[in-house]
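Here is a short briefing to read alongside the model. Take a look at the fold before going on.

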Amino acid sequence: MQRGSDRLSRHRDDEMKHELQGLLRSGHPTRTEEWHDPEPTADDDPEIAGGPVTPGQAGASLEAVRLELARLLGRSSFPASAGDLVRALRRKNAPDALVEAVEGQPRGQRYANVQELARALTRREGP
């Protein structure tokens, strides 16, 4: 007997194909129970389809820039100079606008954490 090919799996495959036919033909959920359908996005969910967050972009707050930098760099990249951070961002395939913004920072400046870098990029002093 071969693994994974028994009588029950073939029948289960046919049953699953039958269940999915309505969805594939109509293009929208066909179940009567709403709990089966995925939930729509909430009003306060982070924006995903807007593209990468970069300093200077409309709506690029200190918090949004900090979150994007933290996602890309992590804790192990700090403390570091602007040049070190540019190399780290390029290794992580960061958006060009973000890399260019970090390249524009003074060469001798060192950053202890993501918060300092985000403040420098957004040119806003926070608490």
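In which hand of crossing does helix 2 pass helix 5? The crossing is right-handed, a term for the near helix being turned clockwise from the far one by less than a right angle. This is a predicted model, where local features need pLDDT of at least 70, side-chain atom pairs count only at pLDDT 80 or more, and totals for chains, interfaces and linings use all residues. Residues are numbered from 1 along each chain as its sequence is written, and side-chain values use heavy atoms, leaving out hydrogens and water.

**Overall layout**
- The protein chain has five helices and two strands, which are DSSP runs numbered from the N terminus (helices H or I, at least four residues; strands E, at least two).
- Along the sequence, their order is α-α-β-α-α-β-α.
- Of the 127 residues, 26% are buried, meaning under 20% relative accessible area with a 1.4 Å probe, protein chains only.

**Helix 2 and helix 5**
- The axes of helix 2 (residues 62-73) and helix 5 (residues 114-122) come within 9 Å and cross at roughly 130°; axes are lines fitted to C-alpha atoms over the stretch in contact, with angles from 0 to 180 degrees between N-to-C directions.
- That angle makes helix 2 oblique to helix 5, the class left after under 35 degrees (roughly parallel), over 145 (roughly antiparallel) and 65 to 115 (roughly perpendicular).
- Residues meeting here include Leu-69 in helix 2 and Leu-117 in helix 5, with contact meaning heavy atoms within 4.5 Å.

**Ser-81**
- Ser-81 lies in strand 1 (residues 80-81) and counts as buried because its relative accessibility is 15%.
- Leaving aside residues up to four places away in sequence, Ser-81 touches Arg-107, Gln-109 and Arg-110.

Technical notes
Buried means under 20% relative accessible area, exposed over 50%, partly exposed in between (1.4 Å probe, protein chains only).
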